[in-house]
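These are my notebook entries on one structure.

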Amino acid sequence: MIDTHKISVVISYYNEAESIVDTLNLLSIQTLMPAEVHLIDSGSTDNTHAIINSWIAEHNIDNYYNINERTLVPSSSINVGIKRSKFYWIALMDCGLMFSHDWLQSQMDIAVSNNADVVIGSVILHGVNIIDQAAVAQTYGYDKLNACVPSSLVKRDIFLQQGFFLDNRRAGFDMHWRRRIKKSDANVILSNKPLVTYFQTNYADSIRSLYKKVYLYSKSSTNMQSHYFPYYSTILFIVVLLFALSSVYRFSLILTI
């Protein structure tokens, strides 16, 4: 008989040496413990992989799997974890996110009480400095509730029936998947409790990191020919920067009033 309350957690990571232990510790104190956890390396160049191995050995845990299949982007890494998962439910989480000790239990309670196939999570973004706050304000919305795939709970069969995330995507794959699932006959519920927030940078905390994120995310989300792309990404960055600077100015005015 299938145990319909067992959960496989899937997390992809890239250079998360500063936050990975926090993520692992939060998983270890869940009121509803996961049946297994798949951590998939997305091409890290730091020592995150070794930190995870040390944490698993220190805690003597045999159901946490630290996987490296040489995937280089989040969508492909998450798909690896989903395909390796064995249990009825799959819970998705990102590194660098703060989640409550009852995250899994809360999502499971919502799924059971609503006979849901998918419980979509929610995040609120704030920002660690004025640049980060301005970038958040011009993208997701400052202090605004947003649906997000990380923290979501999904029946494994939904992925088998409706398909996995788009491979080889750094950005946009989660929204694409969410739109596809909403158009299906799956029972999708949006959960605003528990919320997740970021430990550190929410979007970009410097002009340099903002440009890098705009460039990488735009490249991942478009099929534009490569010789046109640098021009496109630079123009898009300038637009985002102008909006961000206008938000900085507005924030400064508020602080002086």
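Where does aspartate 185 lie? I found aspartate 185 in the loop between helix H7 (173–183) and strand E8 (188–198); helices (H or I, at least four residues) and strands (E, at least two) are DSSP runs, numbered from the N terminus.

I noted that this is a predicted model, in which local features need pLDDT of at least 70 and side-chain atom pairs count only at pLDDT 80 or more, while totals for chains, interfaces and linings use all residues. Residues are numbered from 1 along each chain as its sequence is written, and side-chain values use heavy atoms, with hydrogens and water left out.

I looked up accessibility next (buried means under 20% relative accessible area, exposed over 50%, partly exposed in between, with a 1.4 Å probe and protein chains only). Aspartate 185 counts as exposed because its relative accessibility is 74%.

I then turned to aspartate 117, which is in the loop between H4 and strand E6 (118–124). Aspartate 117 has 16% relative accessibility and therefore counts as buried. Between aspartate 185 and aspartate 117 I recorded 68 residues in sequence and 9.6 Å in space, C-alpha to C-alpha. Beyond its neighbours within four places in sequence, aspartate 117 is in contact (heavy atoms within 4.5 Å) with residues including Trp89, Lys155 and Asn187.

My last entry concerns leucine 104, in helix H4 (residues 103–113). Leucine 104 counts as buried because its relative accessibility is 1%. Leucine 104 and valine 9 are 95 residues apart in sequence, yet I read 9.4 Å between their C-alpha atoms.
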